[in-house]
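Biologist: I have a new model open. Show me how to read its features, one at a time.

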Amino acid sequence: MTDYQINLTDTDRIVLKETMNLILPPVDELPGAGDMGLASNAEELANRIPKYGLATRRVLDAIALDPSARAEGGFAALDQDQRNSALKTLEASIPETFDNFVDLIYIVYYSDERVHKRIEWRTGPLQPLGWELPPFNPQILETTAKRKPFWRKA
């Protein structure tokens, strides 16, 4: 394991799930990011990309050290206002790290096909079902074809 890879405990996974729900809460019929089961996707991406692994580890460690969370029985035991307050404190204390953590959450959320469906974002390849392109016009290459080569032959 490298220094940026994370080895989450069951408690860490619960905190990650609840944090994801705060950052991207439910909207209409779509559950929050944590309740969508995306915490495992976030953990996987965090283990592949150093800045996300470091941010996730640092945010989860900071949450675990939050005095209110420790006194109340952990982050999951806090009410919504207390959780939001803890995250705002982290955002103010470690802004760049917190931004990287939020980016990770957004990446896994907006990579999910359920979200694509909700925002009516067509997934898959852009072509052949994408925008129609005009037929290729070979005349656009005439000027280039008339130029003398400016490179060395290998």
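Modeller: Start with the nonpolar core. A nonpolar core is a set of buried Ala, Val, Leu, Ile, Met, Phe, Trp, Tyr and Cys residues joined through side-chain atoms within 4.5 Å. Keep in mind that this is a predicted model.

Biologist: Which residues have the most contacts inside the largest nonpolar core?

Modeller: First the general idea. In soluble globular proteins, nonpolar side chains tend to be buried together. Here the largest core has 35 residues. Leu16, Met20, Ile105 and Tyr109 have the most contacts inside it.

Biologist: Which helices each supply at least two residues of this core?

Modeller: α1, α2, α3 (50-65), α5 (80-93) and α6 each do. The most comes from α6, which gives seven residues.

Biologist: Take Tyr109. What does tyrosine 109 touch beyond its sequence neighbours?

Modeller: Leave out residues up to four places away in sequence. Tyrosine 109 then touches Leu24, Val27, Leu30, Ala33, Met36, Leu38 and Val115. Tyr109 also belongs to one aromatic cluster with Tyr106 and Tyr110.

Biologist: On to the rings, then. How many aromatic pairs does a search of the whole structure find?

Modeller: Three. Read each pair by the distance between ring centres and the angle between planes. Planes under 30 degrees apart count as stacked, over 60 as edge-to-face and the rest as tilted. Phenylalanine 98 and phenylalanine 101 have planes 45 degrees apart, with 6.4 Å centre to centre. That pair is tilted.

Biologist: Where do these two phenylalanines sit, and are they buried or exposed?

Modeller: Phenylalanine 98 and phenylalanine 101 are three residues apart in helix α6, so about one helical turn separates them. Both are buried.

Biologist: And how are tyrosine 106 and tyrosine 110 arranged?

Modeller: They are stacked. Their centres are 5.9 Å apart, with 20 degrees between the planes. Tyrosine 106 and tyrosine 110 lie four residues apart in helix α6, so they too are separated by about one helical turn.

Biologist: Why does tyrosine 106 count as partly exposed?

Modeller: Partly exposed is the range between buried, under 20% relative accessible area, and exposed, over 50%. Tyrosine 106 counts as partly exposed because its relative accessibility is 36%. Tyrosine 110 has 34%, so the reading is partly exposed there as well.

Biologist: Now charges. How many salt bridges does a search of the whole structure find?

Modeller: Nine. The general idea is simple. Side chains of opposite charge can pair when their charged atoms come close. For each bridge, check the N to O distance, then the positions in the chain. Aspartate 35 and lysine 17 meet at 3.4 Å, N to O. This pair links distant parts of the chain, 18 residues apart. Aspartate 35 is in the loop between α1 (10-23) and α2 (39-48), and lysine 17 is in helix α1. Aspartate 35 is partly exposed at 44% relative accessibility, and lysine 17 is partly exposed at 31%.

Biologist: How many residues apart are aspartate 28 and arginine 118?

Modeller: They are 90 residues apart. Aspartate 28 lies in the loop between α1 and α2, whereas arginine 118 is in helix α7 (residues 113-118). Their side chains form a salt bridge at 2.5 Å, N to O. Aspartate 28 is exposed, at 64% relative accessible area. Arginine 118 is partly exposed, at 27%.

Biologist: Is aspartate 112 buried or exposed?

Modeller: Aspartate 112 counts as buried because its relative accessibility is 12%. Its salt bridge is with arginine 114, and the closest N and O atoms are 2.8 Å apart. Arginine 114 is partly exposed, at 40%.

Biologist: Which residues are linked in a network of salt bridges?

Modeller: Asp10, Arg13 and Glu43.

Biologist: One last feature. How far apart are the C-alpha atoms of isoleucine 6 and glycine 53?

Modeller: They are separated by 6.1 Å, although the two residues are 47 apart along the chain. Isoleucine 6 is in the segment before α1. At 4% relative accessibility, isoleucine 6 counts as buried.

Note on methods: Residues are numbered from 1 along each chain as its sequence is written. This is a predicted model: local features need pLDDT of at least 70, side-chain atom pairs count only at pLDDT 80 or more; totals for chains, interfaces and linings use all residues. Side-chain values use heavy atoms; hydrogens and water are left out. A salt bridge is a side-chain nitrogen of Lys or Arg within 4 Å of a carboxyl oxygen of Asp or Glu. Buried means under 20% relative accessible area, exposed over 50%, partly exposed in between (1.4 Å probe, protein chains only). Rings of Phe, Tyr and Trp (its six-membered ring) pair if their centres lie within 6.5 Å; planes under 30 degrees apart count as stacked, over 60 as edge-to-face and the rest as tilted. Contact means heavy atoms within 4.5 Å.
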